[in-house]
Amino acid sequence: MAAGSSPDFDLIVLGAGTGGYTAAFRGAQLGMRVALVDQGKIGGTCLHVGCIPTKALLESAELFARLKKAKEFGIVLEGKPGFDYAAIAARRDQVVKRMWTGLKGLVDKNKVTWIAGRARFEGPTTIRIALNGKDGVPASGPGGASGGGEHVITAKDVIIATGSRVKSLPGLVPDGRRIITSDDVTTKAELPKSIAIVGAGAVGSEFASLFHDLGVAVTLLEYLPGIIPLEDKDASAALERSFTRRGIKVMTKARFDAASVKVGDDGVTLMVGPEGGPAAELKVEQLLVATGRAPNTEDLGLEKTKVELERGFVKVDGWMRTAEPHVYAIGDVIGGLMLAHVAAHEGIVAVHEIAGEGPEPIDYDHQPRATYTHPQVASIGLTEQQCTERGIETKKGVFNFAAVAKAVIVGETEGFAKVISDAETDEVLGVHLVGPSVTDLIAEAALGMTLETTAWEIGAATHPHPTLAEALGEAAMAVAGRQINS
Ligand code: FAD
């Protein structure tokens, strides 16, 4: 931007995933002139290859699993329930398309300027965009050899929201056929007969649950001692027990050498074994790599700014400010809790900070986490292990879904609610849920913890009967030993 000239926009947002579009829309609502730049489709990872397609697939798998129990509910089906995976995938794509159409409408409604192309910093608040050509591919270089040319825009403030991409293990190269990633499962319509999933975080565990419910033989390999390793140990153990009982082969402390992975015409073989133990051959139709995500910070021209990186992720403070004045970063590109609702929340904080509204910094101990396995897992705040590490004295209350009437009615009695509170003040420090619909139930804990509630207060709130929410109410009462139904 030449000295004295006014910038083209108040705010440029780089990347239109959940974080980016939320920031853009909020900025526009506050009266900012906003440009939203993306080389792909609005909605990013979450809408096109993440949250939404996976949850659509999981919904079909769950319905199928429930249909198999129809007789238990007195429902008579003619013949055995079956499924058509191509139709499941088509429904998945329809759900995505519907939400995508809605988002495109919101760009116009909010009067945000949409720019399709790949962005690079030319200076701290000057962005060069290789515009997408008719084929939807950005220009390959100056002049736009294969694309639609270039465009330079300026703004008072810039938010980096370029997200993340799938990451494999060294020596393991996904080919989309035998060695696949979440991108393949969320866009293709093929179902293997057997699969090994490497990585039992939320994504790997959700896929294990999905494939198993659709009749695929699943082996879940996790390097660490437990699955969903970021969750409370009781939640991790409960999910592992449930998976094992249902017939998913779970191997924790699993070790294999990428060099042992051999791709053939009919499948993949690898030598795998427990840490310190003998390795045995595992033969599967596909190997799914779910070992985390890499931030999109390369080729962004960050060297033309003072923005600092740590292990590839953009470094920010609690208000999403980078080391470069007027440049902010949000979402997966800053690492930490790489979740869509966290990205959106960070986007709102960044925009409110830019607008001078003095927002509260992000409190990562109050961000809910959800894993849509069967049974579901949801949590917020500290695990018991983290409380111990931080030297916090705690009390806890646990209540099993088996004693909740609604859980018996829906036929899903696995799991529990656990409430951890400060031993002295009773403030709720963590809530951990395993069981039916807990990814919805965690919202009550999120509201409570935002209001710095105590376990006593959650227990004092009337929970309607019969509902699954009673598990949380009872667990909160159990903190003071005053649960009623167990
Ligand atoms: P992204 O959604 O990654 O968007 C970044 C955007 O930036 C992309 O559209 C990309 O095209 C664009 N971009 C990148 N570089 C450039 C550039 N140089 N120029 C222009 N554009 C660029 N989270 C949940 O909360 N719940 C879930 O159930 C859930 N399920 C998931 C399941 C899977 C399989 C995966 C992979 C992830 C899941 N997540 C889930 C995580 C969630 O998808 C991410 O946390 C979220 O998408 C992050 O949003 P973002 O805006 O930071 O980035």
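The model is predicted, so to speak of local features we need pLDDT of at least 70, and side-chain atom pairs count only at pLDDT 80 or more, while totals for chains, interfaces and linings use all residues. Residues are numbered from 1 along each chain as its sequence is written, and side-chain values use heavy atoms, leaving out hydrogens and water.

Let's start with helix α4, residues 85-109; helices here are DSSP runs of H or I with at least four residues, strands are E runs of at least two, and both are numbered from the N terminus.

At the N-terminal end, Asp84 caps α4, with a side-chain oxygen 3.1 Å from the backbone nitrogen of Ala86. Just after the helix, Lys111 has a positive phi of about 55°.

Several α4 residues are buried, among them Tyr85, Arg92 and Leu103; buried means under 20% relative accessible area with a 1.4 Å probe, protein chains only. The buried residues of α4 pack against α1, α2, α3, β3 and α5.

Now, α3 takes us to the second largest pocket, where it supplies six residues, the largest share of the lining. Which residues lie nearest the pocket's centre? They are Glu62, Tyr372, Gln376, Ser437 and Thr439, out of 28 lining residues. α6, β20 and α11 are also among the elements that each supply at least two.

Notes
On a 1 Å grid over the protein atoms alone, a cavity is a set of points where a 1.4 Å probe fits but cannot get out, and a pocket is an open set with protein on both sides within 12 Å along at least five of seven lines; lining residues have an atom within 4 Å of a point. The expected span of a helix is 1.5 Å times one less than its number of residues. Buried means under 20% relative accessible area, exposed over 50%, partly exposed in between (1.4 Å probe, protein chains only). Contact means heavy atoms within 4.5 Å. A polar contact is a pair of N or O atoms within 3.5 Å; within protein, one must be able to donate a hydrogen and the other to accept it, and residues adjacent in sequence count only if both atoms are side-chain atoms.
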